[in-house]
Amino acid sequence: MKLNKKIFSGLILFLLGLALISIAADITNRCKQQLNCYTILVGKKASADGSVLVAHNEDDYGDIIVNVRKIAPRNYGPSVKINLGHGGVYETEGRTNGFLWIEATTQEFADSFINEYGVVITSDACSSRENKDDLTDGGISYMLRRIVAEKARSAREAVKLVGELVEKYGYRSSGRTYSIADKNEAWMVAVIRGRHWFAQRVPDDEVAVIPNFYTIRQIRLDDPDNFMGSRDIIEYAKNNGWYDEAKDGPFDFKKAFARPSSREPVFDGNTLRMWRGLTILSGKEWKIDGDYPFSFKPAKKITPEMLMALLRDHYEGTEYDATEGYKHGSPNRTKYRTICTSSTINAFLARLNDKKPEPLSILVWMAFGKPDTTIFLPVYYGVESLPRGFGYGPNTHDYELFYKQHFEPTELQAVKDKLLNTRVLRFEKLVEENYGHLIEVVKKELYPLEKDWLRGHQQFEARFGSLYHRNPGKAMRSLNAYVAKAGKSLVQAYERLEKIYLKD
């Protein structure tokens, strides 16, 4: 049977079109994987008040709801079997920690957790050279960080647990760096597709910045106080042709395992963000194509305010300020990928300090949207319940229900108009359409609230500490009232703005 030439040509064009669409989708997915998130870790001697600090912008794509809940601890008995979602089952002892869950619905790698012991885990995608899977029972991905939140009582314990899970099941994604901290120390844990990983501790007097490439450089297998990981990590790189000691010199983790980029540094989506964090916090000049360190000493002691400003940054005042001071559209959508950017869905800053009274030792400053167009709200882990509108769903731990609701958030979609995240996004969208004008409204109407909380929380903590020794019950009621009042004042501020700017 002969095929008509026109039909044949049309079929060829159709197939070529499908191939191009597939290639484009793959490129898009790879870009999304490579260009997500930004984290800063601050050692306790590098911060102004002796706290370990973790600051993070979460960047993702799609119809996502930021759902924040405080989950109570639970004991399932002597042991519990955890469904890892891809065929694997992890059996462990039945106790779970309580934790604050910053959920990004439907996403495999976007949730952040702060548990009752002050263990924080969040992450940044890091594309590795590895393209072969080495998995057992489908490997591990989404459940890794929640298992860490549920089980670990210290950052060091959390790092070891990440390594155990990666080695046991194999990691499903190309690569990632998990930032893990507690009230004493901070770590970065780099994982590679398959079963290899390596972790480095941030020195107490230094700061570490990570965009979306590996930042661990020189490693010390003989220094377990500051390094942990796969014992065969160097041999593994050699066997894959990624490291040649004679040619490359001392082993460099980043150079060996990071997927090379062919783009110019200013357009690779990562270098500028790394450069900006280093420049601002170190007070030094860095070359765009320079050799960036894993960590560094800051120019001055780091405060939450400094990190909030960095999470909001669009390279203002530099040659990479593409909107010239917001004269040309939104700075979140330019030819340069900025720290705060179009895909940023939420941000947080965790202050971890064991010198504070226990109910105040974990303070999380939370932004329910892009941090430039909203503000950071103070939430102490010790509060008995979160303000209304923070999240939806049960606070009682339930493995199967949590997993189902995360990836099939039908119930949450039905009530999302009642959530703070939806209110923040609604006004954020308006600001993005007229950024130069409305960012000034945000600074006038919302930023003063944040400044009041930043100034006032220290006085509140002093009063609480004094009262807590005399009357713990009354002190806890004051803590609940403080967080509730902050949440209510933010909602009221948005209600005022909506009456003016969202009349339709």
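Visitor: What makes the sulfur of Cys-126 too far from the closest cysteine sulfur for a bond?
Guide: In this predicted model, the sulfur of Cys-126 has its closest cysteine sulfur in Cys-37, at 9.8 Å. A disulfide requires the two sulfur atoms to lie within 2.5 Å, so Cys-126 is too far from Cys-37 for a bond. Seen from Cys-37, the closest cysteine sulfur is that of Cys-126, again at 9.8 Å. The count of disulfides by this rule is 0.

Visitor: How do you know whether Cys-37 is buried or exposed?
Guide: The relative accessible area of Cys-37 is 3%. Buried means under 20%, so Cys-37 is buried. The value for Cys-126 is 1%, and by that cut-off Cys-126 is therefore buried as well.

Visitor: Why are Glu-428 and Lys-370 called a salt bridge?
Guide: The closest N and O atoms of Glu-428 and Lys-370 are 2.9 Å apart. The limit is 4 Å between a side-chain nitrogen of Lys or Arg and a carboxyl oxygen of Asp or Glu, so Glu-428 and Lys-370 form a salt bridge. Glu-428 belongs to helix α11 (residues 420-433), while Lys-370 is in the loop between β17 (362-367) and β18 (377-380). The pair therefore ties together parts that are 58 residues apart in sequence. By this rule the count comes to 29 salt bridges.

Visitor: How do you know whether Glu-428 counts as buried or exposed?
Guide: Glu-428 has 7% relative accessibility, and the cut-off for buried is under 20%, so Glu-428 counts as buried.

Visitor: What makes Arg-423 and Glu-498 a salt bridge, and which parts does the pair tie together?
Guide: Arg-423 and Glu-498 bring their closest N and O atoms to 2.9 Å. Arg-423 is in helix α11 and Glu-498 in helix α14, so this pair ties together parts that are 75 residues apart in sequence. The distance of 2.9 Å is within the 4 Å limit, so the pair is a salt bridge. Glu-498 has a relative accessible area of 12% and is buried.

Visitor: Where does Arg-201 lie, and how do you know whether it counts as buried or exposed?
Guide: Arg-201 is in strand β13 (residues 196-202). Its relative accessibility is 12%, which is under the 20% cut-off, so Arg-201 counts as buried. A network of salt bridges links Arg-201 with Arg-156, Glu-185 and Asp-204. Beyond four places in sequence, the residues that Arg-201 touches include Arg-156, Glu-185, Trp-187 and Phe-294.

Visitor: Why is the ring pair of Tyr-243 and Phe-251 called edge-to-face?
Guide: The count of aromatic pairs is 33 by this rule. In the pair of Tyr-243 and Phe-251, the ring centres are 5.0 Å apart and the planes stand at 85°. Rings pair when their centres lie within 6.5 Å, and planes over 60 degrees apart count as edge-to-face, so both conditions hold and this pair is edge-to-face. Tyr-243 and Phe-251 are both buried. Ring pairs join these two residues into a cluster that includes Phe-198, Tyr-214, Trp-242, Phe-253 and Phe-257.

Visitor: What makes Lys-254 lie over the face of Phe-213?
Guide: Lys-254 is 3.9 Å from the ring centre of Phe-213 and lies over its face; the distance limit is 6 Å. Lys-70 lies over the face of Tyr-381, at 4.6 Å from the ring centre.

Visitor: Which residues have the most contacts inside the largest nonpolar core?
Guide: Among them are Phe-253, Phe-257, Ile-40 and Leu-307, in a core of 116 residues. Helix α14 (residues 472-501) gives this core its largest share, 10 residues. Apart from it lies another core, of 39 residues, which includes Val-162, Tyr-171, Ile-180 and Ala-199.

Note on methods:
Residues are numbered from 1 along each chain as its sequence is written. This is a predicted model: local features need pLDDT of at least 70, side-chain atom pairs count only at pLDDT 80 or more; totals for chains, interfaces and linings use all residues. Side-chain values use heavy atoms; hydrogens and water are left out. A nonpolar core is a set of buried Ala, Val, Leu, Ile, Met, Phe, Trp, Tyr and Cys residues joined through side-chain atoms within 4.5 Å. Buried means under 20% relative accessible area, exposed over 50%, partly exposed in between (1.4 Å probe, protein chains only). Helices (H or I, at least four residues) and strands (E, at least two) are DSSP runs, numbered from the N terminus. Rings of Phe, Tyr and Trp (its six-membered ring) pair if their centres lie within 6.5 Å; planes under 30 degrees apart count as stacked, over 60 as edge-to-face and the rest as tilted. A charge sits over a ring if NZ of Lys or CZ of Arg is within 6 Å of the ring centre and within 35 degrees of the ring normal. Contact means heavy atoms within 4.5 Å.
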